[in-house]
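Colleague: I'd like to go through this one with you, and I'll keep asking how you know things. Could you bring it up?

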Amino acid sequence: MAEILEMLFDRHRKPVPHGSTRPGRPYSNQEVADWCTARGVEMSQTHVWNLRQVSKAVDPRVSHLKAIAEFFGYRPAYFLDPEVYWETEAQLGTLSQDGDAARDVSIPHQHAQARVLMRRVDGLTAAGLTLIAGVVEQVAEWEKQRSHVQDTKES
């Protein structure tokens, strides 16, 4: 949630005066909170800030997600349904040929698909996490061997 919000704050800027060559200024937490509150969804700038922090464990209300999505011009499901997220990003043209988020809007450190996967494994039991870790190790080894074979063929 925090990473997606940061991306939206970065992507959507305030309008600039006609003829200006400077990029628009990002919206502030206060501006988003005020807009949401004016539409009947009580929200403080501190709450918006908390939602934007990766290190904060915040469980937002659906009404908050809906209001924030509307502020940025997105369907509320953009935050809740990975399929809607990917469909929206594809429609916006922010995905490259291979489906990764384009460089100008991607979040550093992880591909967007990896972040979606991480959200899905959050809350699994220790046994489930052990199973997933084993699958990841097997796929990593398979890709390593596959890459080695391709490098050998090209040599």
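Modeller: The buried residues of α4 pack against α1 (2-11), α2 (29-38), α3 (45-52) and α5 (77-80). Before you ask, this is a predicted model, where local features need pLDDT of at least 70, side-chain atom pairs count only at pLDDT 80 or more, and totals for chains, interfaces and linings use all residues. Residues are numbered from 1 along each chain as its sequence is written, and side-chain values use heavy atoms, with hydrogens and water left out.

Colleague: What makes something a helix here, and which residues of α4 are buried?

Modeller: Helices (H or I, at least four residues) are DSSP runs, numbered from the N terminus. Helix α4 covers residues 62-72, and its buried residues are H64, L65, A67, I68, A69, F71 and F72. After α4 comes G73, with a positive phi near 85 degrees.

Colleague: How do you know what kind of pair F71 and F72 make?

Modeller: Rings of Phe, Tyr and Trp (its six-membered ring) pair if their centres lie within 6.5 Å; planes under 30 degrees apart count as stacked, over 60 as edge-to-face and the rest as tilted. That rule gives eight aromatic pairs. The centres of the F71 and F72 rings are 4.9 Å apart and their planes are at 90 degrees, so this pair is edge-to-face. Y74 and Y78 also form a pair, at 4.6 Å centre to centre with 40 degrees between the planes, and that one is tilted.

Colleague: Are Y74 and Y78 buried or exposed?

Modeller: Y74 has a relative accessible area of 9%, so Y74 is buried. Y78 is at 1%, so Y78 counts as buried.

Colleague: What sits over the ring of F9?

Modeller: The charged end of R52, 3.6 Å from the ring centre. The rule asks for NZ of Lys or CZ of Arg within 6 Å of the ring centre and within 35 degrees of the ring normal. F9 also forms one aromatic cluster with Y27, W35, F71 and F72.

Note on methods:
Buried means under 20% relative accessible area, exposed over 50%, partly exposed in between (1.4 Å probe, protein chains only). Helices (H or I, at least four residues) and strands (E, at least two) are DSSP runs, numbered from the N terminus. Contact means heavy atoms within 4.5 Å.
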